[in-house]
Structures are given as structure tokens and as C-alpha cells.
Amino acid sequence: MAEMKQVLVPDIGDYKGVSVIEVMVKVGDIINEEDTLLTLETDKAAMDVPSPYAGVVKELHIEIGDKVSQGSLILVMECNDAASPSEQTAAIPAAVAPASVAAQAAAPVVAQSVQPVISGGQAHASPAIRRFARELGVDIAKVQGSGEKGRVTKDDVQNFVKTALAQPRGTAGGNGLQVLDMPVFDFAKYGAIETTPLSRIQKISGANLHRNWVTIPHVTQFDEADITDMEAFRKQLGTEYAKQNIKITPLAFMLKAVVAALQKFPKFNASLDGENLVLKQYFHIGVAVDTPDGLMVPVLRDVDKKGIVQLAQELAEISAKAREKKITAADMQGGCFTISSLGGIGGTAFTPIINAPEVAILGVSRSCMKPVYQDGVFVPRLMLPLSVSYDHRVIDGAAAARFTAYLAQVLSDIRRLAL
Ligand code: CAO
């Protein structure tokens with residue numbers, strides 16, 4: 001016959017007011033004798049509290065963060081038989097022991113369930129969670145804890161498993177796609193051909209571009225900046241600095257405008273690191289350079305601390321270095337955001353591929369004069385097309401529209417760069 005039984009906190013030594021850090025059961029759960037009900041944490045150790053009975057949880061009186069002592073009511077359970085509890089009987093506080101409900105301390109916390117909460121460099125998790133992870137074959141050290149002080153919870157372990165199961169399976173280290181192999185074509189069958197090997201740079205950048213394209217959910221936001229005033233100023237500067245052999249191209253202004261937008265929208269100056277977003281407080285901007293051997297992306301450091309003229313100089317130096325094959329791996333590392341400018345060549349828009357681990361990239365196309373409707377009349381304005389591709393896991397569409405609109409605003413009124 002079913003019987004209602006209270007389960008109380010058992011003898012936990014001299015500890016009083018001990019924190020509940022994990023509750024492993026909820027109302028309605030069917031549990032077995034010795035199943036862990038909750039985990040308590042003192043300043044020295046974590047302790048699992050096992051169930052003295054098998055049955056169904058009818059009431060739960062404890063939640064994470066509660067402070068408990070020996071005799072505190074944990075839960076009320078409906079048991080199918082009057083099986084005797086595994087261990088000692090506790091005193092029942094009158095206030096929590098209605099006459100119709102029998103009370104029993106949970107089974108005593110056993111020696112092996114007492115473990116240090118943290119041990120050098122290991123995951124912060126209670127013994128029950130470690131056991132739960134072990135049962136599912138999960139390496140707890142790989143699970144990101146969301147509990148207090150970064151503790152790994154049962155939900156964290158379950159989410160880790162769900163995420164792992166949702167990963168696409170394939171051949172390339174778990175990231176490959178299940179697609180058909182490309183058939184081998186005999187092009188010579190259809191006409192004359194010439195075969196040239198890909199350059200080393202093409203092979204490396206091709207593999208990176210492919211990975212970035214298939215693993216990052218890309219969206220591209222398009223906008224236009226009115227750069228009529230910026231161009232007038234650039235030409236004026238160009239005349240002044242031509243004597244010193246410094247060519248000031250629109251790209252130097254774009255570098256500064258991009259930094260202003262990154263400062264206003266820090267999520268664009270970030271990288272994904274597992275389940276964390278790393279927000280960078282420095283502004284190193286990569287610039288795509290077209291070289292005879294393929295695409296290279298040298299990085300200009302600390303763009304926020306440099307002026308337009310210095311950036312124009314550095315841009316000329318670094319792109320010359322890339323084209324002369326003098327660029328080093330270090331010159332291409334540590335970027336936060338990339339600009340790919342095809343403006344000197346042509347085009348109205350394109351969809352640049354994000355340069356991972358960055359989360360966004362600006363594509364710049366060729367500016368051209370357009371009639372813009374202002375104050376009731378069409379006026380000729382020099383409009384610059386902007387294409388911002390962004391990682392949709394990190395940036396949502398509204399933020400991308402705001403970022404791109406702000407970038408256009410800064411380029412349209414470069415006095416804003418001084419703010
Ligand atoms: N609209 C119109 N004209 C533009 C322009 C724009 N958006 N951007 C540059 N120009 C003009 C410049 O003012 C310059 O004009 P003048 O020779 O009359 O002064 C001319 O185009 C050539 O500029 P540039 O190419 O010498 O200099 P830059 O600063 O614009 O670009 C660099 C430097 C290294 C980015 C560029 O040479 C380059 O390699 N671009 C290709 C990048 C690329 O391949 N991206 C694709 C990556 S994805 O496959």
C-alpha cells in the first residue's frame with residue numbers, strides 16, 4: 001500500500017546552514033533507493049545526499065541556494081511499500097511532521113561521495129554530476145559550467161550531449177558535410193586545355209575560405225555612404241601629401257570609420273570561443289590584398305591610435321610587402337575585422353567571406369555619382385557601396401543594419417571620426 005514519507009537531511013557531521021548546490025529531482029520523478037537527491041557544499045567539500053527509499057516525489061521542499069542542517073525537510077515521497085530505510089532514523093521536527101506522514105532522514109552521506117569541490121584545473125562539479133557525466137560518457141572537463149562560480153550542473157551536461165548530437169557528422173574532424181564527392185571530369189574531352197598548379201597561397205587561403213563559408217552562417221547587409229565631402233577632403237590631402245610621395249586612398253578613411261563603428265558596436269569586434277564571446281579591446285584591422293599569387297590579408301595594428309596619413313602610408317607599405325612576397329605569418333595574425341576593397345577595380349556590391357575567427361567583414365565596391373533626392377530636388381552625390389557580411393550566430397540582422405548604417409553615417413560626415 002502506498003505510504004507518504006518525509007525525507008530529511010541526514011547526519012552531516014557538525015555542519016549547520018550548509019548550501020544546497022544541486023537538486024537532482026523534481027516533483028513527479030520516480031526514484032530508486034540510493035539515487036542522489038541533492039548535493040550539499042561546505043567550504044571544504046561537496047556531499048551527495050542519497051534517497052533512503054524508492055518511490056515518487058510528491059513535494060519538494062528544497063531549492064538550489066537554500067541553507068540546510070541535519071533534520072531539514074528535503075521532500076515528501078509516495079512509497080509503494082513500507083520498506084525500511086537503509087539507515088538510521090532521524091528526529092522529526094514537529095513543524096514539518098504531520099501525523100499522517102512518516103519521516104526519515106535521507107540515507108547517510110557516504111565517505112566516497114565527499115570530494116573536494118575544485119581540484120587543480122579540473123571542472124567544478126559535484127560528485128553526482130561527475131557520476132552523471134561519466135554514465136553518459138561525457139568528459140566533464142570539456143563542459144562549460146553555468147552554475148554558481150562556474151559549477152557544472154546537470155543541465156550543462158545534458159546540453160553538452162544535445163549539442164554534440166546535433167553536430168553534423170562527416171569526415172573532416174566532425175565539421176565535414178555529408179555531400180557527394182565531386183566527380184572527376186575529363187575536360188580535354190571537350191577541347192584544348194592547359195593545367196597549372198594552384199599556388200601555395202591559393203591552396204592555404206582556399207581551404208580557409210571553404211571552411212569559413214561552410215561553417216559560418218553568413219548574411220550580408222548592403223548600404224551606401226555619401227562620400228562626396230570625404231572625397232573632397234581626401235583630394236585636398238592627396239595634393240598636400242603627394243610631395244612626400246604618400247598616396248591617400250579612400251581605404252585609409254574606411255579603416256578609421258570601421259574602428260568608430262566597432263567601438264560603437266563591440267559585438268563586431270569579437271570572436272566565438274566555444275560558448276563564450278571574446279570581446280576585443282584592441283583594433284587590429286586586416287586588409288585583403290590582391291597579389292599575383294593569390295589573396296593575402298595583412299593586419300594593420302592599433303588603427304584607433306593612428307591618423308589617416310599614417311594609415312595610408314602603412315597600407316601602401318604592407319600591400320607592397322604582400323605583393324613582393326615579403327609578408328610574414330605574424331603580419332597576418334591577430335586581426336579583429338577585415339576590409340576587402342574592390343573599389344579600385346569596380347562592381348556595385350559583393351558578399352565577402354568572413355575571415356574567421358573574426359565575426360564580420362566589410363566589402364567596399366566602386367563609388368559612383370548618383371542622383372540623391374534632397375530637400376525636394378535631386379542632387380549629384382558620390383555614393384560608396386558597402387557590403388557587410390556577418391556571422392549570424394553572434395550578430396543579429398538589426399545590429400548589422402545599425403552597424404552598417406552607422407558606418408555609412410561616419411563616412412558621410414567624417415567630422416564624426418574626431419568624436
Ligand atoms: N571607389 C572608387 N575608387 C576607388 C575606391 C572606391 N571604393 N577605392 C579606391 N579607389 C581608387 C583609388 O582612389 C585609386 O585611384 P587613383 O589611382 O586614381 O588615385 C585607385 O582606385 C586604386 O586604388 P588602390 O587599389 O591603389 O588603393 P586602395 O587603397 O583602394 O586599395 C588594396 C589597396 C591593397 C586593398 C588594393 O590594391 C587591393 O588589393 N584590392 C583588392 C582586394 C581584394 O582582392 N579583395 C577581394 C577579397 S575576396 O576575394
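R415 is exposed, with a relative accessible area of 64%; exposed means over 50%, buried under 20% and partly exposed in between, judged with a 1.4 Å probe on protein chains only. R415 forms a salt bridge with D413, and their closest N and O atoms are 2.8 Å apart. A salt bridge here is a side-chain nitrogen of Lys or Arg within 4 Å of a carboxyl oxygen of Asp or Glu. The model is predicted, so local features need pLDDT of at least 70 and side-chain atom pairs count only at pLDDT 80 or more, while totals for chains, interfaces and linings use all residues. Residues are numbered from 1 along each chain as its sequence is written, and side-chain values use heavy atoms, with hydrogens and water left out.

The protein chain has seven helices and 20 strands. These are DSSP runs numbered from the N terminus, helices being H or I with at least four residues and strands E with at least two. Of the 419 residues of the chain, 42% count as buried. The accessible surface of the chain comes to about 23100 Å², and 54% of that belongs to carbon and sulfur atoms; such areas come from the Shrake-Rupley method with a 1.4 Å probe, and for residues only the protein chains shown count as cover. Among contacts between residues at least 6 apart in sequence, 63% join residues at least 24 apart, where contact means heavy atoms within 4.5 Å.

Two of the helices can be followed in detail. Helix α4 covers residues 228-242, and its 15 residues should span 21 Å at 1.5 Å a residue; the end C-alpha atoms are 21 Å apart, which agrees. The expected span is 1.5 Å times one less than the number of residues. The buried residues of α4 are T228, M230, E231, R234 and L237. They pack against β10 (218-226), α5 (250-264), α6 (308-323), β20 (377-391) and α7 (397-412).

Helix α7 has 16 residues and reaches 22 Å from its first C-alpha to its last, close to the 22 Å expected at 1.5 Å a residue. Its buried residues are A400, F403, T404, Y406, L407, A408, V410 and L411. These pack against β10, α4, α5, β17, β18 and β20.

Next come the charged pairs. Side chains of opposite charge can pair when their charged atoms come close. The structure holds 14 salt bridges. One of them joins D293 and K325, with the closest N and O atoms 3.0 Å apart. D293 lies in the loop between β14 (289-291) and β15 (294-296) and K325 in the loop between α6 and β17, so this pair ties together parts that are 32 residues apart in sequence. D293 is partly exposed at 21% relative accessible area, whereas K325 is exposed at 61%.

Another salt bridge joins K321 and D331, with the closest N and O atoms 3.1 Å apart. K321 belongs to helix α6 and D331 to the loop between α6 and β17, so the pair ties together parts that are ten residues apart in sequence. K321 is partly exposed at 31%, and D331 is buried at 17%. Elsewhere, D226, D229 and R381 are linked in a network of salt bridges.

The loop between α6 and β17 (337-341) also holds E324, which is partly exposed, with a relative accessible area of 45%. The C-alpha atoms of E324 and D293 are separated by 9.9 Å, and the two residues are 31 apart along the chain.

Some backbone angles deserve a look. Most residues other than glycine have a negative phi, and most peptide bonds are trans. K325 has a positive phi of about 60 degrees although it is not a glycine. E34, in the loop between β3 (30-31) and β4 (36-41), has a positive phi near 80 degrees. E34 is partly exposed at 44% relative accessibility. The peptide bond from A356 to P357 is cis, with omega near 10 degrees, and P357 lies in the loop between β17 and β18 (360-364).

On the surface, M182, F185, F187 and I193 form a nonpolar patch with about 500 Å² of accessible area together. Patches are made of residues with over 30% relative accessible area and no salt bridge, like charges being joined within 9 Å and nonpolar side chains (Val, Leu, Ile, Met, Phe, Trp, Tyr) within 5 Å. I193 lies in the loop between α2 (154-166) and α3 (200-215) and is exposed at 51%.
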